[in-house]
Amino acid sequence: MNKYYPIMLDIKEKKCVVIGGGNIAYRKVLSLLECMAEVTVISHEVIPELKQLVDDGKVKYLKHEYNFKYISDCYLVYAATNNSDVNQAVYSQCSQKNILVNVVDKPEICNFIVPSKIKKGDLTIAISTNGKSPMLARKIRQDLEKVYDYRYELFLDIMGEVRKEVFHTLKDAKKRSEFYKTVVYSDYIYGLTSENKEDIQKQIISFLHKF
C-alpha cells in the first residue's frame, strides 16, 4: 500500500481533464470547477447534466475516444470510464509524463487519491485512510461534521478580517501569536451565529487594541 503525501493543490486556471461522461465524471467535473480549474471532458456520450455544463460554456467537450494527445499538456486527469483497458492506458501514459492521474475507485492505479472532506467556507478538513477504507473515512467525516459546524466557517471569516488588523497593530511576532492563541482558545466561537457575527468581530477587534 502506498503512503500518500497530504497536500492542498492550487488548480486555478490549470488544464484538467475528465475522461468519461457519466455520473461519476459529472461529480469530478463539479469538484474541479469549484476550484476554478479549466476543465475538458472526453467521452463519446455525456449525461444531460454534463451537457448542460458544456452548453453553458463552463467546460470544454471532446466527443472522441481517449487518445493521449488530448491530455499530453494537461495538469491533472480523472479517468472515470467503465473500460479497464482505457483506464490502465490513461494511468500508464500519464505516469510516464508526470501528470497527476486518478482512476476512479482504483487506488492501485492512481498517483493521487482524493480524501473524504468537510468543507465549510474556507475551512477544509480532509480525511484519508490511505485507500484502505473509504467507508471509514466517510464515517469519520460525518462524525467531524457534528463538531465543526457552521460556527467554524463564521469564525474563520472573522479571523481572516481580524488578521489584517493584527499585522498593523501588533508588530512583534510573539505578541501576535499570543493574541491569536487567546482568541482562538476563547469562548467567542461557541455563541457565534450569523446574526451576531459582526458584533463578535467588533469585540475581537476591540480586544486587539487593548492587548
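Buried denotes under 20% relative accessible area, exposed over 50%, and partly exposed the range in between (1.4 Å probe, protein chains only). The structure is a predicted model, in which local features require pLDDT of at least 70 and side-chain atom pairs pLDDT 80 or more, while totals for chains, interfaces and linings use all residues. Residue numbers run from 1 along each chain as its sequence is written, and side-chain values rest on heavy atoms, without hydrogens or water.

Salt bridges were examined under one criterion: a side-chain nitrogen of Lys or Arg within 4 Å of a carboxyl oxygen of Asp or Glu. Nine are present in the structure. One of them pairs K197 with D157, with the closest N and O atoms 3.3 Å apart. Because K197 belongs to helix 7 (residues 197-210) and D157 to helix 5 (residues 150-169), this pair ties together parts that are 40 residues apart in sequence. Helices (H or I, at least four residues) and strands (E, at least two) are DSSP runs, numbered from the N terminus. D157 is partly exposed at 29% relative accessibility. K197 is also partly exposed, at 22%.

D143 has a relative accessible area of 33%, so it counts as partly exposed. K139, at 45%, is partly exposed. D149 and R151 form a further salt bridge (3.0 Å, N to O). Both D149 and R151 are buried.

Grid points are joined across faces, edges and corners, and a volume is the space filled by probe spheres set on the points. The largest pocket holds about 1,900 Å³. Its lining comprises 47 residues, and Y78, I113, V114, P115 and S116 are the closest to its centre. Elements that give two or more residues to this lining are helix 1 (23-34), strand 4 (76-79), strand 5 (100-103), strand 6 (116-120), strand 7 (123-127) and helix 4 (134-147). Helix 1 gives the most, with six residues. By class, the lining has 27 nonpolar, nine polar and 11 charged residues. Nonpolar covers Ala, Val, Leu, Ile, Met, Phe, Trp, Tyr, Cys and Pro; charged covers Asp, Glu, Lys and Arg; the others, Gly among them, are polar.

The second largest pocket has a volume of about 320 Å³. Of its 18 lining residues, G20, G21, S43, T81 and N82 are the closest to its centre. Helix 1 again gives the most to the lining, here three residues. The classes are seven nonpolar, 10 polar and one charged.

Individual residues complete the picture. L76, in strand 4, is buried at 5% relative accessible area. Its C-alpha lies 9.8 Å from that of L32, 44 residues away in sequence. E13 has a positive phi of about 60 degrees although it is not a glycine. E13 sits in the segment before strand 1 and is exposed at 62%. D105, likewise not a glycine, has a positive phi near 65 degrees. D105 lies in the loop between strand 5 and strand 6 and is exposed at 65%.

Methods:
1 Å grid on protein atoms, 1.4 Å probe; cavity = no way out; pocket = protein on both sides within 12 Å on 5 of 7 lines; lining within 4 Å.
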